Each structure stands twice: as C-alpha cells, then as structure tokens.
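Subject: Structure for you to look at

Hi,

Here is the structure I promised to pass on. Have a look at it first, then read my notes below.

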Amino acid sequence: MIWLLAGGVLLAWYLIVRYFLRGKSSSYTLSQLCPSPDCIRCSASLKSVYSTDVSHKLKKMYGKYESLAVHKIEQRLTFDVSALQDVRRPTICYLRNMCDDPWHNQKQKYLQNLLLDSYSVIKSEVVNVVSEKQLWSSSETSFNGSWQKLFLYNQGKKIRKSCQEMPRTTALIEGLDTFMSGVIFGNAFVSILDGQSKIEAHCGPTNLRVRCHMGLQIPEGDCSITVNGVREHWANQECIMFDDSFMHSASNRTDSQRIVLIVDLWHPNLTITEMNIFTELFAVKH
C-alpha cells in the first residue's frame, strides 16, 4: 500500500511539472520531427544527401563565381550544428557569422509593404479557397487542434493547382526579389491554425532565410507566436518577420481560426552573389 501511495504521489508530481513546463523545452525530441522522408526539415537522409552534394558543388564553383565568395561559404557553411545552443539549432545547415537577431520586423520594409499593399487581393483569394479541402494538408497540434496549410510553393516546388486558384497572390510572391524560388528552403503557403491549438517549439532547417507572416484573419484574444523566448501577437494587415532557425512556437487559445500568409525570403545579410551560389547549392531536385 505504501509503495502504491508513493507511486501515486510521484506520478502526480510528474504531471504537475510537465503541465507547467509544457511548450518550454529548449531542445528537440523525436516527436517534434515529422516522419516524412521528403521533409527537408526533418529527414536525416536528405540532410546527408545535401551535405555531400554541396561539398562537391562548391569545388566546381571556383571558376564560375568570385573565388573569395566561394571560399568564404566553404569556411562558414556547416551541417554539424551540435555545437550550437539549443535555442538555435537548425536541422539542416548553418552559416556562421550571420546576424544573430531572431526578429526582423524592422527590416526589409519595402517587401513587407509590397505584401501589405495587396492585402485585400490576397485575403479575397484566400477566402475563395478555404472550402477547397483537396488543396489543403493538415497536421495535428497540441490541445487536439489542427494546423492546415495550402502550399503555393512547397520546399521550392511550385504547386500549380493551388497557384491557379490564387493567381494574383502567386504573381505577387514571385515578384519579390528575395523570395526563395526553386530552393529547397523556400515555401509560400496559407496557414490556418484552428482555435485551441498549439504548434510545439521547433527550429527551421537553416539560418539562410527569414520567414514572413502576414496577418489575414487574426482573432481577438490569446493568439501569438514566440521566437527565442519573446512573444509577439499577430495583427490583421501587419507582417511579422523572424529567423526561424531560432526555437519558435505558435499558439491560438481562442475559439476562432488564425489565418496568415507565410513566405520564405533570403536572409537580408546575404549578398546577391551568395544568394546565387546558395540557389545552385540547394536547388530543388526534379
């Protein structure tokens, strides 16, 4: 009887601690990586393939690009992220000596304005496709909620059916000069986070990009994103920009859907030459 009581106390204590620490983990668990073999962020085999390819490709670029630029990338790019802090642990690769700011809301304002100027157009196209269930993919979240995504670009690949349904939004995104088109790290999609849902803390695949969230339908109440421990609330017709190689999570504790447009852009600290080199190094495999 004493052992049963002791076991019950320990179990209760464990559940209490787990409750208060939920969402605060600073390192990965297997549950935070999806099982898809095609997911750039989560597939260990794809990471191995690209790390090998990149090494060979860089050697061949010395005659094509400025030698110093290629050499710097060879010195700075690593696929071994084990030495990085848990709060910034990209799953594929890391470029050393980059900007360490997790938030980029005050940068690339001209790109934000290009999106915001077309807010009404984008929102109207999203409203028209919300009911087109065959275009959406769904992921489970904490608290028995759901996270739905409609991809215009998925890991650099253009999803033509979706783009046909949202032609003006697609044209706008493709017109952004730093959109990561044709690159495995480049995505553009509409994201719906249902009420009472949470996306657990995770890191993106690389620090070569900055992720832009444009608020389209943001409910009143507790609906926010946390990056590197700092919490921000989405707002309608506003952009949030952050380096998603930092640990980040999202939560919608309201009873309504949160809808944002998400676009991946080249990191503003990269030069045009570096962007061109990385475009070749991480080109989509057809």
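Before anything else, one term: a residue is called buried when its relative accessible area is under 20%, exposed when that value is over 50%, and partly exposed in between. Keep in mind as well that this is a predicted model.

Gln108 belongs to the loop between strand S2 (94–95) and H4. Its phi is near 50°, which is a positive value in a residue other than glycine. Is Gln108 buried or exposed? Its relative accessibility is 11%, so Gln108 counts as buried.

There's another positive phi at Asn228, about 55°, and again the residue is not a glycine. You'll find Asn228 in the loop between strand S9 (223–227) and strand S10 (230–233). Asn228 has a relative accessibility of 30%, so it counts as partly exposed.

In helix H3 (residues 67–76), the buried residues are Ala69, Val70, Ile73 and Arg76. They fall within an arc of 135° when H3 is seen down its axis, so they line one face of the helix. Helix H8 (residues 272–281) has Glu274, Met275, Ile277, Phe278 and Leu281 buried. For H8 the arc is 165°, and its buried residues therefore line one face of the helix too.

Now zoom out for a moment. The protein chain has eight helices and 13 strands. Of its 286 residues, 49% are buried. The chain exposes about 14,600 Å², and carbon and sulfur atoms supply 55% of that area. If you take the contacts between residues at least 6 apart in sequence, 75% of them join residues at least 24 apart.

Next, the inside. How many cavities of 30 Å³ or more does a search of the whole structure find? It finds one. The space in this largest cavity is about 120 Å³. Its lining is made of 15 residues, and those nearest the centre are Trp147, Ile199, His213, His248 and Ile262. The elements that give two or more residues to this lining are strands S6 (188–193), S7 (197–202), S8 (209–217), S12 (248–252) and S13 (258–266). Which of them gives the largest share? That is S12, with three residues. Sorted by class, the lining has eight nonpolar, five polar and two charged residues.

- Phe151 is in strand S4 (residues 146–154). With a relative accessibility of 15%, it counts as buried. Leaving out neighbours within four places in sequence, Phe151 is in contact with Ser137, Ile159, Ser162, Asn187, Ala188 and Phe189. Take Ser137: it is 14 residues from Phe151 in sequence, and their C-alpha atoms are 8.4 Å apart in space.
- Lys157 is in strand S5 (residues 157–158). Its relative accessible area is 43%, so Lys157 is partly exposed. Not counting residues up to four places away in sequence, Lys157 touches Leu152, Val284 and Lys285. The C-alpha atoms of Lys157 and Gly182 are separated by 6.2 Å, although the two residues are 25 apart along the chain.
- Phe79 is in the loop between strand S1 (77–78) and S2. Its relative accessible area is 18%, so Phe79 is buried. Between the C-alpha atoms of Phe79 and Leu95, 16 residues apart along the chain, the separation is 9.0 Å.

Cheers

How values were computed
Residues are numbered from 1 along each chain as its sequence is written. This is a predicted model: local features need pLDDT of at least 70, side-chain atom pairs count only at pLDDT 80 or more; totals for chains, interfaces and linings use all residues. Side-chain values use heavy atoms; hydrogens and water are left out. On a 1 Å grid over the protein atoms alone, a cavity is a set of points where a 1.4 Å probe fits but cannot get out, and a pocket is an open set with protein on both sides within 12 Å along at least five of seven lines; lining residues have an atom within 4 Å of a point. Grid points are joined across faces, edges and corners, and a volume is the space filled by probe spheres set on the points. Helices (H or I, at least four residues) and strands (E, at least two) are DSSP runs, numbered from the N terminus. Ala, Val, Leu, Ile, Met, Phe, Trp, Tyr, Cys and Pro count as nonpolar, Asp, Glu, Lys and Arg as charged, and the others, Gly among them, as polar. Buried means under 20% relative accessible area, exposed over 50%, partly exposed in between (1.4 Å probe, protein chains only). Contact means heavy atoms within 4.5 Å. Accessible areas come from the Shrake-Rupley method with a 1.4 Å probe; for residues, only the protein chains shown count as cover. The arc is that of the directions from the helix axis to the C-beta atoms.
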